[in-house]
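Dear colleague,

I am passing on the structure we spoke about, and below it you will find my notes on what the coordinates show. Please read them with the model open beside you.

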Amino acid sequence: MTSANGNLTLTGRFIGYDGTYLQMESPYGPLTVRYGDMTCTGDDCPDPDSFVPTIRLSGASRMAEILLPGLIEGFGRSMGYRVAFAQIDSTHATLSLFQDDDHVADFTIRSSTTDEGFADLIAHEADLVMSVREVRESEVAVADGLGIGRLDDGRQSRIVALDGLVPIVAPGRNVPGISLRDLSRVYTGGIRDWTEVGGAPGRITVNLMDPSSGLAQGFLDSVVARMNRPLTEDVRYHATLADLVAAVAEDPNALGIVPWGKAVFAQQLALTDQCGFSLLPRAETLKAEDYPLTMPLFLYLPQRRQAPILREFLTWLRTPESQLVVRRSGFVDPGPVPIPLADQGQRFATAITLAGDEIPLEELQRMVAIMKPRTRLSTTFRFEAGSSRLDAQSRSGLLDLAQSLRKGRYEGRSIMLIGFSDGRGDANANRLLSEERAESVKRALVTLIGDVRDTVTIDTEAFGEALPMGCDDTSWGRELNRRVELWVD
């Protein structure tokens with residue numbers, strides 16, 4: 001690339017072109033130049049007169065097979081485009097958008113693994129990563145060092161759908177449920193027989209997706225790693241979900257991990273704990289992260305100028321139309337849903353059962369009095385383990401809530417952020433801590449919405465350990481309990 005006056009010459013590898021700006025990889029890092037101001041020499045120099053934007057997606061096959069093609073097609077039709085699908089080979093497909101005879105854009109999809117998606121992004125061979133797990137610290141560091149940006153920044157990712165991991169067994173295996181602690185011990189070799197988890201005798205056969213899959217990595221990161229022990233060598237790996245489910249369904253001693261809705265002929269196990277909580281994934285528990293093995297499905301993008309068609313697609317992903325496509329694809333959309341007080345009897349009953357001397361009846365009555373005229377929304381704010389930073393799903397939920405407030409969805413109404421804590425330590429100190437969490441979410445929200453706060457009332461309240469979602473004897477239970485709920489009048 002040479003400037004018009006010839007005083008500046010840049011040499012590097014072509015990354016992308018959006019019709020106005022060209023991105024290149026240079027000895028100085030990724031650079032963006034206005035194409036019309038430069039003279040380009042080289043085989044990859046684009047022709048502005050015949051240019052068609054190409055958006056390259058790479059990553060998890062679970063997202064590439066149905067979800068993303070459905071979303072791209074839905075986006076195209078909502079914009080009035082004709083959509084043409086072409087399967088190039090077993091791992092590559094292209095969706096082309098046309099307006100009359102004009103070729104508007106191509107979306108190319110490479111179906112592989114989450115690991116390969118991030119590798120393609122780092123190599124400047126992808127514009128979006130399809131990921132069924134959160135980006136890892138090592139990937140964040142490499143991308144940041146290459147000038148791609150901080151991939152753990154909420155502005156560089158979108159949660160397009162929600163999934164959940166479910167333990168499954170063969171039909172007829174009479175097990176009341178399994179705790180996350182025991183699930184971790186099974187997969188690290190600490191538990192080997194069904195009698196150790198309340199079942200009939202039989203040596204447990206452990207099944208898992210191929211370890212290169214994002215689903216297996218998500219399970220290993222969130223469950224197995226908690227034991228600080230390696231995965232047992234007895235694991236039976238499977239290349240596809242269908243193979244895994246079939247193997248579990250045919251083996252009376254088998255245990256496997258599959259995504260929500262994929263159990264098919266196998267039997268789902270509820271997640272249990274010593275305090276009597278029993279959880280199965282449902283749409284509202286996945287949306288609220290009340291189910292501890294909730295797995296958001298992400299799109300990650302680099303920190304560089306994007307083609308207008310890609311910016312329009314990312315904006316469209318927050319619309320009700322996109323959420324309908326997500327549901328039709330067999331996933332849970334991230335949009336909030338109401339959870340009426342009348343539907344929360346089980347958790348209130350448990351709260352009353354577990355309440356000790358530090359949580360008097362008057363405090364429970366005060367909590368119910370505040371909640372009764374309001375409805376809980378599934379948007380819930382939880383925090384990364386050992387941190388005051390919101391987790392990825394909560395950061396996305398905060399941005400979505402701010403957008404709804406800016407659009408006037410809650411104009412003239414009041415919303416309340418109610419903080420809760422785990423039960424370790426003094427109850428009064430925990431209430432103060434939960435109040436601080438609610439206030440921190442409010443401050444972050446007010447920063448995002450600006451002057452909109454004049455048209456909606458945002459209040460906070462806190463009840464500490466009064467309404468647990470899990471048992472405090474495990475880190476998983478404590479993380480469920482440390483939260484800020486959203487209630488609307």
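Before the sheets are described, one criterion is needed: two strands are said to pair if DSSP finds at least two bridges between them. Please also keep in mind that this is a predicted model.

With that criterion, strand β21, which covers residues 414-420, is joined to β22 by six bridges, and the two strands run parallel. Within this pairing, Met-416 has Asp-459 of β22 as its bridge partner. Both strands belong to an open sheet of five strands, whose order is β19-β20-β23-β21-β22 and whose pairing is mixed. The edges of this sheet are taken by β19 (338-339) and β22 (457-462), and since each has a single partner strand, one side of each is left without a neighbour in the sheet. In general, the strands of a sheet pair through backbone hydrogen bonds, in either the parallel or the antiparallel sense.

Strand β2 (residues 13-17) pairs with strand β3 (residues 21-26) over four bridges in the antiparallel sense, and here Tyr-17 stands opposite Leu-22 of β3. The hairpin made by β2 and β3 has three residues between the strands, and in it Gly-19 adopts a positive phi near 100°. Strand β3 is in turn joined by six bridges to strand β4 (residues 29-34), again running antiparallel, with Ser-26 having Gly-29 of β4 as its bridge partner. This second hairpin, formed by β3 and β4, has two residues between its strands.

As for the chain as a whole, it contains 14 helices and 23 strands. Its radius of gyration is 25 Å, close to the 23 Å that the globule rule gives for 489 residues, so the protein chain is as compact as a globular protein of that length. The C-alpha atoms fill a box of roughly 80 × 60 × 40 Å along the principal axes, and 52% of the 489 residues count as buried. Among the contacts with a separation of 6 or more, 70% come from residues 24 or more positions apart.

Note on methods
Residues are numbered from 1 along each chain as its sequence is written. This is a predicted model: local features need pLDDT of at least 70, side-chain atom pairs count only at pLDDT 80 or more; totals for chains, interfaces and linings use all residues. Side-chain values use heavy atoms; hydrogens and water are left out. The radius of gyration is taken over C-alpha atoms; the globule rule is 2.2 Å times the number of residues to the power 0.38. Buried means under 20% relative accessible area, exposed over 50%, partly exposed in between (1.4 Å probe, protein chains only). Contact means heavy atoms within 4.5 Å.
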